[in-house]
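The structure is shown first, and the commentary comes after it.

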Amino acid sequence: WYQRRVHGGTVPAPAPEPAVEEPHVGDATCTAGTGATLTDAECTARGIVDAATCDVETDGTVCAYVAAACADDGNACTTNTATDGVCATANVADTTSCDDGDDTTEEDVCTSGTCAGTA
């Protein structure tokens, strides 16, 4: 344990900063709960569709559910959503307005998940 000397005594080293937990991104998970009576694999076998399927006991002790958090891919012509706990990307409707970032085009619209305008 590190200590530094100051006038007439020592002062303990400052406590380390706590680790910052990154938010969950991706498909839903169903993993072993706080009681750990089942393994992660056994909990996953219960399903990731929703919390009721995973955490049958509703208290997180046997299995713990974390909902899907689908990352935005930054494409205005797609959506990123979860179906039954699994993230997927889908195209928005063709002719949806967008901005292709090209100042020399106009009437930019989505077509099959791609934004483009006409010159």
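The sections below move from the overall architecture to the disulfides, the nonpolar core and selected contacts.

## Overall architecture

The model is predicted. The protein chain contains 2 helices and 8 strands, and along the sequence these elements follow the pattern β-β-β-α-α-β-β-β-β-β.

Of the 119 residues in the protein chain, 18% count as buried. The accessible surface of the chain amounts to about 8,300 Å², with 55% of that area belonging to carbon and sulfur atoms. Among contacts with a sequence separation of 6 or more, 33% are made by residues 24 or more positions apart.

## Disulfide pattern

A disulfide is a covalent bond between the sulfur atoms of two cysteines. The count for this model comes to 5 disulfides. When the bonded cysteines of the protein chain are numbered in sequence order, the pairing reads 1-3, 2-4, 5-7, 6-9, 8-10. Three of these links are described individually in the next section.

Cysteine 43 is joined to cysteine 63 by a disulfide with an S to S distance of 2.0 Å. This link of cysteine 43 and cysteine 63 is left-handed, with -85° about the S-S bond. The pair links distant parts of the chain, since cysteine 43 belongs to helix 1 (residues 40–46) and cysteine 63 to strand 4 (residues 63–66), 20 residues apart. Are these two cysteines buried or exposed? Cysteine 43 is buried, because its relative accessible area is 0%, and cysteine 63 likewise counts as buried at 0% relative accessibility.

A disulfide also connects cysteine 70 with cysteine 87, at an S to S distance of 2.3 Å. The torsion about the S-S bond of cysteine 70 and cysteine 87 is about -95°, so this disulfide is left-handed. Cysteine 70 is placed in the loop between strand 4 and strand 5 (78–83), and cysteine 87 in strand 6 (residues 86–91), so the pair ties together parts that are 17 residues apart in sequence. Cysteine 70 is partly exposed, with a relative accessible area of 23%, and cysteine 87 is partly exposed, with a value of 24%. With 100° about the S-S bond, the link of cysteine 98 and cysteine 115 is right-handed. Cysteine 98 lies in the loop between strand 6 and strand 7 (106–111) and cysteine 115 in strand 8 (residues 114–118), 17 residues apart, and the pair links distant parts of the chain. Cysteine 98 counts as buried because its relative accessibility is 16%, which falls under the 20% limit for a buried residue.

## Nonpolar core

Which residues make up the largest nonpolar core? This core has 7 residues, namely Ala28, Cys30, Cys43, Ile48, Cys54, Val62 and Cys63. The disulfide between cysteine 43 and cysteine 63 therefore joins two members of this core, both of them buried.

Isoleucine 48 is located in the loop between helix 1 and helix 2 (51–54). Leaving aside neighbours within four places in sequence, isoleucine 48 is in contact with Ala28, Thr29, Cys30, Tyr65, Asp84, Gly85 and Val86. Isoleucine 48 and aspartate 27 are 21 residues apart in sequence, and their C-alpha to C-alpha distance is 8.3 Å. Cysteine 54, another core member, is in contact with Cys30, Arg46, Gly47, Cys63, Ala64 and Tyr65, again leaving aside neighbours within four places in sequence.

## Contacts of asparagine 80

Asparagine 80 is situated in strand 5. A polar contact of 2.9 Å joins the side chain of asparagine 80 to that of threonine 89.

Not counting residues up to four places away in sequence, asparagine 80 touches Cys70, Ala71, Asp72, Asp73, Ala88 and Thr89. One of these residues, Cys70, takes part in the disulfide with cysteine 87.

## Hairpin of strand 7 and strand 8

Strand 7 and strand 8 pair in the antiparallel sense over 4 bridges. Threonine 111 has threonine 114 in strand 8 as its bridge partner. The hairpin has 2 residues between the strands, and serine 112 takes a positive phi near 50° there.

Methods
Residues numbered from 1 in each chain as written. Predicted model: local features only at pLDDT ≥ 70, side-chain atom pairs only at ≥ 80, totals over all residues. Heavy atoms only, no water. Disulfide = S-S within 2.5 Å. Buried < 20%, exposed > 50% of the residue type's maximum accessible area, 1.4 Å probe, protein only. Polar contact = N/O pair within 3.5 Å; in protein donor to acceptor, adjacent residues only side chain to side chain. Contact = heavy atoms within 4.5 Å. Areas by Shrake-Rupley, 256 points an atom, 1.4 Å probe, with all protein chains shown as cover. Pairing = 2+ DSSP bridges. Core = buried A, V, L, I, M, F, W, Y, C linked by side-chain atoms within 4.5 Å.
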